[in-house]
Every structure is written in C-alpha cells, then in structure tokens.
Amino acid sequence: MLRKLFSFNGGVKPDPNKGASTREPIARLPLPPQLIIPLHQHIGGTPRPLVKVGDRVLHGQRIGAADGNVSSAVHAPTSGTVVAIEPRLMPHASGLSSMAVVIEPDGQDQRIEREPFDWHAATPGEVRDYLRDAGVVGLGGAVFPSHLKLSPGKAGGTDTLVLNGAECEPFITCDDMLMRSEAEDILRGALVMQKMLAAKQVLVGVEDNKPEAAAALKAAAAALGHASLDVVVVPTRYPAGGAKQLIRVLTGIEVPHGSRSTDYGVQCFNVATALAVWNALEHGEPLTRRIVTVAGNVDRPRNFDVAIGTPIGFVFEHAGLKPDTDKLIMGGPMMGIPLPGVEAPVVKATNCLLASSPVLFPPPEPELPCIRCGECARACPADLQPFELYWHSRARNFGRAQEYHLFDCIECGCCAYVCPSHIPLVDYYRYAKSEIWARERDKDAADSARERFEFRNWRAEREKEEKAAKLAARSAAKPAAKPAATDKSPAEGEAAATPAEDPKKALIEAAMARAKAQKEAVAAKNTDTLTPAQQAQVEAAEARRKLAADMVATGSGETTSETATADKPTE
Ligand code: SF4
Ligand code: SF4
C-alpha cells in the first residue's frame, strides 16, 4: 500500500558521508582493561550504587538501582572486580566529572543467573518496572527512560507508534547497520511496545538513503505478518529523524510549540530502543552494550558493538585514529558535542564517535554580524526565528529568548549551516539554555532554603505558644487546688497522700521515727546511768522548774532566773 507522505518546513541537505562506516558489518569490540560505568546516563534521578569497592560483579548484574520511577538502572557489562566508585570524566562538553563504578574485567565473562520473566502474563505496570530495572532508555540520543513512555496515557490512548529509523545526521550509521542485521527483533520489540501502548498502528520510518535497511525491515514485517505494521521509506532530508519532523512526514500531524506528540496520540521510539526492549523482555538481557559508529579521521571507520563503560580512547585505538586529528566529537557534525578527553567512557547516549581533522572539517570562518537575511528562519525545521533567539541569547535576555520558544529548538544546526555570517548559532542557544537551567536550579535552592527558614521560625513560634498555654493552664489550676487541701482534715490529708502514693513523705516519716526512737533510747539510758546524787539533783531541778511555772501562771516574774538555772541540771 502506498502511503501519503507529508513534508516539514525547513531542513537542509548536507553530504551524508555514510558510505565509509557501512562497508563492513558490525564488529564486536573486545573488553578494555577497565570499564568506567557512570551511574547517571539518562534523564532523571541518578541510580543508587549497589556495589562497593572490592566486590566481584557478574555480567548483567545490577550495579546501580533506579532512583525512583524517573530513572533507570545500570549494569555490569562483564564479570570482574569493582576497583573504584568515584567521579570520572564524562563525555560532555562541560568537561565535568560524574560518579562512576570502575570495573576491572576478569576475562571470564561470567553471567548472573537470569530470572525468567513471563512478560506475556505480566501486567503492563510489571513490564514497565522490569524495563526500568533492565536499564532500557531511548538510544536515539535523548536517553529518556523508556518505561515512562510505554503507557497508553489519557483516554483515547495512543493511535500510532512511530519507530524512528531515519538516522538523518551525516556520518552516523549505527541504526542503519542494526536495521540490516536485527530487523526482525526490532519489529518484535515494536510489537511489544504497540501492545503496551494499545496503539492501532506501527509506522517504521526509514530514509531512502538506507535501501538495505528498508529491505530488511520490509522482509521482516512480511514474515511477522502484522497488518498494523508498516515500513515507510521517507525522503532524505536533514533533520527527518527529529521526532516531530518524522511524525509530520508519516502522519501529517503538526505538533505545535509547547505540545507533545502524545497529546496527538503519537508516541515515538528509536529502532535501537525497540531492540533493547525485546532483548530485555525475551532474553532477560539488560542494556549493557550498544552499537557505536566510529567515523571521520580514522583508518578503519566502522560500527562497533561496544560494552558501555569502554573508554573512548580504546574505541578509537581499534578504529585507528589518525595523528592529525584535532577534535573528537560525540554524535555527528551537526548536533554532536566536543569530547573533553579520550578517558571519558562510552555511555548509553553514544551513537557515534567522530574524529575531526582540519581537512575533514576546516576551521570555522570568522563570525560576522547578523545581516538579518532570514536564511536561518527558512532553514529551521521547528518553525522558530533563529536570529531572534540569537539576539536575545547573546544579550543575555533569556526571558525574551524563552518567549521565542528557545526550548522548542532541537539544536539541529540547520540555521548555523546556512548562516552567511558564520554565526555559531547553536552555541548561543545551548549557552542560553544552560544559563536558564542554572538560574532555575539556583532559584529552587533559594526557595528550599527560604522554606526551611520559614519552617524553623514557625516551629519556634509554635513551641513558644505551647509553653505559654501550659503556664496559663497551670496558674489557672493553682487557686482551685489550695482550698481543696485546707478543707481536708489532717486525717483526710494523710489519706490523700499515703506513703505508698508519696514515697518522699514516707522516707521523711521513717527518718523522724528513727530520730525519735534514738532520742528516747538516749533519755532512757541517761536516766538509767544517773548516780543517786545526780538523780537527786535532777529531781530538785524539776521541782524548781515546776515552782517557776506555777509563779508564771500566777503573774509573778521574779523567779525567771531561777527557772533558767533550773534548766542547767549539771550546775
Ligand atoms: S542566517 Fe545568520 S545572518 Fe542571516 S538572519 Fe540568520 S543569524 Fe542573521
Ligand atoms: S538549531 Fe534550533 S533554531 Fe536552529 S534551525 Fe535547528 S531548531 Fe531551528
């Protein structure tokens, strides 16, 4: 059946340069002496390490667990020993490091025992969890965790699953070679995804400069015999591999600025991701390897099947890096990023390693002022105004740049490719985006700090109020307690606080009883030990004391001294 195709605005036709790396089939690259596996290789949370230095790990063992649902696990690509968990240089233009698990392979490639997973019987939620734990992410470059995209979504669900095999960027051929060799399993993976999305049809888009891949896919589709599966050859025009552009070409749907294709019932995956889904579900194989195109200034341009974590320098060694190489790029010449060093590892996002030389990519001509010719706007496939974005980004007027839909820019580089003033426009957009993200991060941090401060103040205030309320309650209770105590007879008072109830009182009473007993014992002893003369003196003194008391009682005070004398029995 001939399908009606549509066209997207803009785009360019650079030299494809795909012949050199497709002459030979995919080669499996040997393992390097050390694998550097970054924990964070995808959009979302950084996985938590599950291993420690000195641990022995097996091929396929999970070494980093997904941090929440917007995350994805990472695995050991072979057996060996964890020799470090530390920040290592990442394949990113920033030259920053990120936490990585470093494994020394032991050469045995001993696999972890695979637990069978009956994905046919599992619920869609269980399949999604399994894919998250198998580390499956988008392999077209975006590295978005795939399980998050495999939900039918809102009512109405997904109408179309688009499988992206366009691979429009010059030099990159990893998807082309994969479609040639693994067409059937790619389509099997697509059918699983179709089921999970409850999509009515699957459209596989392949550019017409990949006739072998298109033929292999068509043959595989015929063998599988699914009427809802259609392999569609689309015209070669960069960037036909952009998700919105391919959706436009295949379905005619124009996804507007600020919207997502899922709002229009279309979900899009890369062909390599479909294969990763199939390998994970059918073979219990987590994502530990990927196909990487090595091209440009190398002796043996080719596609390699590379263990994730392999240092980039090791890959280039096998392709024969030429000595006049002046720059290394991850990705293609249009959208690629310069690499900070060959020590950085291959990650899940590494689709191409490109060596540049002054002959292959002559140095850019000097940047001239914008002449407002509008060429960039005509070339923009996202229907943006690139020169406006450039002016506002350059003037650090980031709010205005966002008003011109800066974040709808897919950084395809078409504008810079056609600019007669040789302005590196994409560099300006990347700079503006990173500044906006940094400001948002700073704002988030400031908001969190302010919230913490406000919470502390609120808590202190609340504690103060609680204390004041307690004091008020206590002083309100006091006047009521006093009369209750005085109203009681001593007997009642004692009964109210028996020794058993008041241990302190019991102790005091016991001490008093002991003191009384002691006093009585001393008195008794004294009386017993008096001599008859002393006894007589005591009795005389007692008689005097009595006489004095009688005189006081009758009103005479002259006998006070006598009474006092009588108090001194020993004199
Ligand atoms: S193509 Fe270059 S010179 Fe022309 S308007 Fe755009 S930025 Fe300015
Ligand atoms: S890089 Fe951005 S602004 Fe330039 S053409 Fe591509 S989408 Fe448009």
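Q: How many residues surround ligand 2, and which are the closest?

A: This is a predicted model, in which local features need pLDDT of at least 70 and side-chain atom pairs count only at pLDDT 80 or more, whereas totals for chains, interfaces and linings use all residues, and side-chain values use heavy atoms, with hydrogens and water left out. Residues are numbered from 1 along each chain as its sequence is written, while chains are lettered from A and ligands numbered from 1 in the order in which they are written. A residue is near a molecule if one of its heavy atoms lies within 4 Å of it, and here 13 residues surround ligand 2, the closest being Cys380, Cys409, Cys412, Gly413 and Cys415. Helix H11 (414–418) and helix H12 (425–487) are the elements that give two or more residues to this shell, helices (H or I, at least four residues) and strands (E, at least two) being DSSP runs numbered from the N terminus.

Q: Which residues surround ligand 1?

A: The shell around ligand 1 includes Cys370, Cys373, Cys376 and Cys419, together with Arg372, Glu375 and Phe387.

Q: At what angle do H3 and H4 pack?

A: Angles run from 0 to 180 degrees between N-to-C directions, and the axes are lines fitted to C-alpha atoms, for helices over the stretch in contact. Helix H3 (residues 174–197) packs against helix H4 (residues 211–224) at about 30°, and their axes lie 8 Å apart. H3 and H4 are therefore roughly parallel to each other, given that angles under 35 degrees count as roughly parallel, over 145 as roughly antiparallel, 65 to 115 as roughly perpendicular and the rest as oblique. In their contact (heavy atoms within 4.5 Å), residues of H3 including Met179, Ala183 and Leu187 meet residues of H4, among them Ala213, Leu217 and Leu224.

Q: What is the angle between H3 and H6?

A: H3 and helix H6 (residues 271–283) pack at about 60° with their axes 7 Å apart, which makes H3 oblique to H6. Among the residues of H3 in this contact are Leu178, Ile186 and Met193, and the H6 residues that they and others meet include Val271, Trp278 and Leu281.

Q: Which strands pair with E8 over four and over nine bridges?

A: Two strands pair if DSSP finds at least two bridges between them. Strand E2 (residues 35–38) pairs with strand E8 (residues 97–105) in the antiparallel sense over four bridges, with Ile36 having Val102 as its bridge partner in E8. Strand E7 (residues 80–89) also pairs with E8 in the antiparallel sense, over nine bridges, and there the partner of Leu89 is Ser97.
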